[in-house]
Amino acid sequence: MNDKWYELDNAAKIFPPTTTYYDPKIFRFSVLLSENVNKLNLEKALNLTLDDFPIFKSVLKKGLFWYYLETSDIKININEEKTSPCEKLSSPLLFEVSYFNNKINLEVYHALSDGSGCITFFRVLIYNYLKINYNIKEKDILNKSSEYEKESDSFKKYYNPKEKIKIPSRKNAYQFRGSWYPEGKIKIISGITSTKRLKELAKINNTTITGFLIAVLIKSIGEEMNYKDKNLPISITVPVDLRNHFESNTVRNFFNVTNINYNFNNSDKLEDIIIEVNKALKNNLTEEAIKSKMNRTIFAENFFLIRLIPLFMKNIVLKHIYKSTRKKQTMGLSNVGIIKMPESVKNYINSIFVFNSTDAKELCICSYEDRISFNFSTHFLNNETEKNFFRLLSLYELDIEIFTNEIYGVDNYE
């Protein structure tokens with residue numbers, strides 16, 4: 001194949017220098033099907049999908065000033081799942097596909113794509129598999145964008161260098177403490193409930209599903225905090241999909257983050273937390289705030305002197321910035337939203353899950369039909385936040401199924 005290379009987009013630049021054994025910057029989409037997976041048909045579906053997404057055949061390369069992506073002809077193998085979720089990829093390629101019984105997994109390195117971009121790839125992969133496996137004749141078109149649109153760097157397209165840059169000051173936030181699972185393993189704790197019922201609860205509380213779940217998460221964290229820790233704010237980092245605000249069909253990273261802060265000196269009542277979360281979301285998600293945040297994150301990259309600094313020095317600076325930023329964040333909550341599939345394949349799909357690797361604790365959420373999944377990933381043996389979260393939701397008479405992965409030598413979540 002002809003080698004093709006791409007500069008890393010603005011959001012991707014932070015991932016290579018901050019990737020570690022404990023946080024390999026991997027996220028996973030998993031689908032549970034009605035029947036066990038046929039490996040041969042999954043391989044056919046993957047090859048068919050990659051024809052439409054050639055950028056997924058990239059490897060990460062190191063240049064003098066920046067990392068970059070380069071297309072590769074490395075053979076892609078699909079294997080039965082044998083590792084824990086969100087571990088380091090075993091191939092130089094920046095994604096892997098695996099299966100186990102009736103489950104298909106897509107794991108992706110964050111420098112390649114974000115949640116929305118991977119949903120696009122994942123939907124096409126699963127559709128192609130089901131179409132091949134069940135000889136489905138319908139020709140649904142899941143993605144109409146061109147190769148150019150999929151590979152485009154939308155940050156460059158919408159960056160406005162004339163906008164004045166304001167960098168707000170933020171306090172350090174509450175941090176989780178305690179022992180970790182052995183060997184840096186990540187514990188996954190997932191719950192599934194009714195999307196419709198949760199939407200009704202959010203409406204009753206005058207908020208959105210995301211706003212309601214952020215508030216429940218904040219209260220869940222607060223219930224395990226020591227009295228002296230309550231002087232510190234809880235800061236929930238929430239990714240914002242910029243495709244919802246700018247026209248873009250890229251499958252590369254095109255997001256920024258907003259931080260929802262809450263201090264328990266105000267109140268520990270859920271209704272009061274919801275009011276504050278709603279205010280923060282309203283203020284942080286205005287068109288002006290989103291454009292300002294995007295331009296702020298791109299400004300440094302385009303500063304002439306910074307561009308001339310060698311990569312090894314940039315890595316030192318980026319690691320320092322990342323560590324400083326992490327002190328101002330308690331944990332992340334990412335709601336990738338509704339994952340839609342064509343009518344022709346819906347009967348073959350049960351549930352869809354999304355997970356993220358983390359250097360502490362993370363909550364990822366997605367919904368398919370009337371099943372919404374909450375997926376915690378954590379290094380900590382202490383799972384009180386997760387227990388509190390599901391316990392609070394159960395008070396609203398939500399019927400929640402809970403699953404967890406097994407980490408040998410450590411008691412499972414109960």
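So, D241 is partly exposed, at 21% relative accessibility; that label covers values between the cut-offs for buried, under 20% relative accessible area, and exposed, over 50%, using a 1.4 Å probe and protein chains only. Its partner is R243, and the two side chains meet in a salt bridge at 2.8 Å, N to O. A salt bridge here means a side-chain nitrogen of Lys or Arg within 4 Å of a carboxyl oxygen of Asp or Glu. R243 itself is buried, with a relative accessible area of 15%.

Quick word on what we're looking at. This is a predicted model, where local features need pLDDT of at least 70 and side-chain atom pairs count only at pLDDT 80 or more, while totals for chains, interfaces and linings use all residues. Residues are numbered from 1 along each chain as its sequence is written, and side-chain values use heavy atoms, with hydrogens and water left out.

Okay, back to the charges. How many salt bridges does the rule give? The count comes to 20.

Have a look at K4 and E151, whose side chains pair up at 2.8 Å, N to O. This one links distant parts of the chain: K4 sits in the segment before β1 (5-7), E151 is in helix α4 (residues 147-151), and they are 147 residues apart. Helices and strands are DSSP runs, by the way, numbered from the N terminus: H or I of at least four residues for helices, E of at least two for strands. Is E151 buried or exposed? Buried, with a relative accessible area of 8%, while K4 is partly exposed at 35%.

Now R197 and E200, with a salt bridge of 3.8 Å, N to O. These two are about one helical turn apart, because they are three residues apart in helix α6 (residues 195-204). R197 is partly exposed, with a relative accessible area of 28%, and E200 is partly exposed too, at 37%.

There's also a network: salt bridges link R28, E81, K103 and E107.

C118 counts as buried, at 0% relative accessibility. C364 is in no disulfide either, and its nearest cysteine sulfur, again that of C86, is 7.9 Å away. C364 is buried as well, with a relative accessible area of 3%.

Terms used. A disulfide is a pair of cysteine sulfur atoms within 2.5 Å.
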